Amino acid sequence: MIIMGIDPGFAITGFGIVKYEGNKFSVLDYGAVTTEASMKLSQRLLVLNNRLEELIQKYKPDAVAIEELFFNKNIKTALTVGHGRGVAVLAAARSGVDIFEYTPLQVKQSVAGYGRAEKAQIQQMVKALLNLKVIPKPDDVADALAVAICHGNSHRMGAILGNKAY
């Protein structure tokens with residue numbers, strides 16, 4: 001199974017593409033889609049959409065896992081992140097790939113075994129689980145890989161329990 005994990009954002013959207021086979025994860029690609037603050041909103045969203053569609057077309061994932069929004073005190077930040085998240089969901093939906101959403105708590109629980117794990121713990125676990133030499137940067141990239149791992153683990157548990165993971 002090929003899984004694309006997305007940590008949605010506006011200025012930075014992290015992505016991670018992993019292969020999950022035989023209870024093991026291997027990395028196919030990871031990185032960040034970035035947009036410049038000087039660009040118009042519509043252009044930033046178009047850049048994000050085009051890049052995500054390219055990645056989906058190139059890797060043909062079986063599933064796209066997206067982190068749900070974590071509500072932040074700054075409403076303006078939450079709204080701009082929501083724009084980026086909407087574009088990510090749309091890009092995946094247009095490709096016909098199944099989309100799965102996970103809360104930050106679910107991701108932490110799945111990757112580190114503890115829902116209140118610190119960001120550094122998650123990053124170390126991503127590095128270890130994917131056999132990487134360094135922790136992926138920026139943080140959004142490690143988060144996207146963690147979301148992909150979460151889906152692989154959740155999908156496996158869903159198969160064991162005979163149901164589909166959501």
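## Tour: from the annotated site to the sheet

Start by selecting Asp-7, Glu-67 and Asp-140, which an unreviewed UniProt entry lists under "active site". UniProt positions follow the numbering used here, feature names are shortened, and annotations may be inferred rather than shown by experiment. These residues spread over 134 residues of sequence, yet they cluster in space, with a largest C-alpha distance of 10.7 Å.

The model is predicted: local features need pLDDT of at least 70, side-chain atom pairs count only at pLDDT 80 or more, and totals for chains, interfaces and linings use all residues. Residues are numbered from 1 along each chain as its sequence is written, and side-chain values use heavy atoms, without hydrogens and water.

**Stop 1: Asp-7.** Zoom in on Asp-7, in strand β1 (residues 2–7). Strands (E, at least two residues) and helices (H or I, at least four) are DSSP runs, numbered from the N terminus. Is Asp-7 buried or exposed? Asp-7 is buried, because its relative accessible area is 7% and the cut-off for buried is under 20% (exposed is over 50%, partly exposed in between; 1.4 Å probe, protein chains only). Now show its contacts (heavy atoms within 4.5 Å). Leaving out residues up to four places away in sequence, Asp-7 touches Ile-12, Thr-13, Gly-14, Glu-67, Asp-140, Asp-143 and Ala-144.

**Stop 2: Asp-140.** Select helix α5 (residues 139–161), where Asp-140 sits. Beyond its neighbours within four places in sequence, Asp-140 contacts Asp-7, Ile-12 and Gly-14.

**Stop 3: the sheet.** Switch to a cartoon view. Five strands make an open, mixed sheet in the order β3-β2-β1-β4-β5. Strands count as paired if DSSP finds at least two bridges between them. At the edges are β3 (24–34) and β5 (98–102), each pairing on one side only. From one strand to the next, the twist averages 20 degrees.

**Stop 4: around β1.** Five of the six residues of β1 are buried. β1 forms a hairpin with β2, with four residues between them. β2 (residues 12–21) pairs antiparallel with β1 over six bridges. The pairing of β1 with β4 is parallel, over four bridges.

Terms used
Axes are lines fitted to C-alpha atoms, for helices over the stretch in contact, and angles run from 0 to 180 degrees between N-to-C directions.
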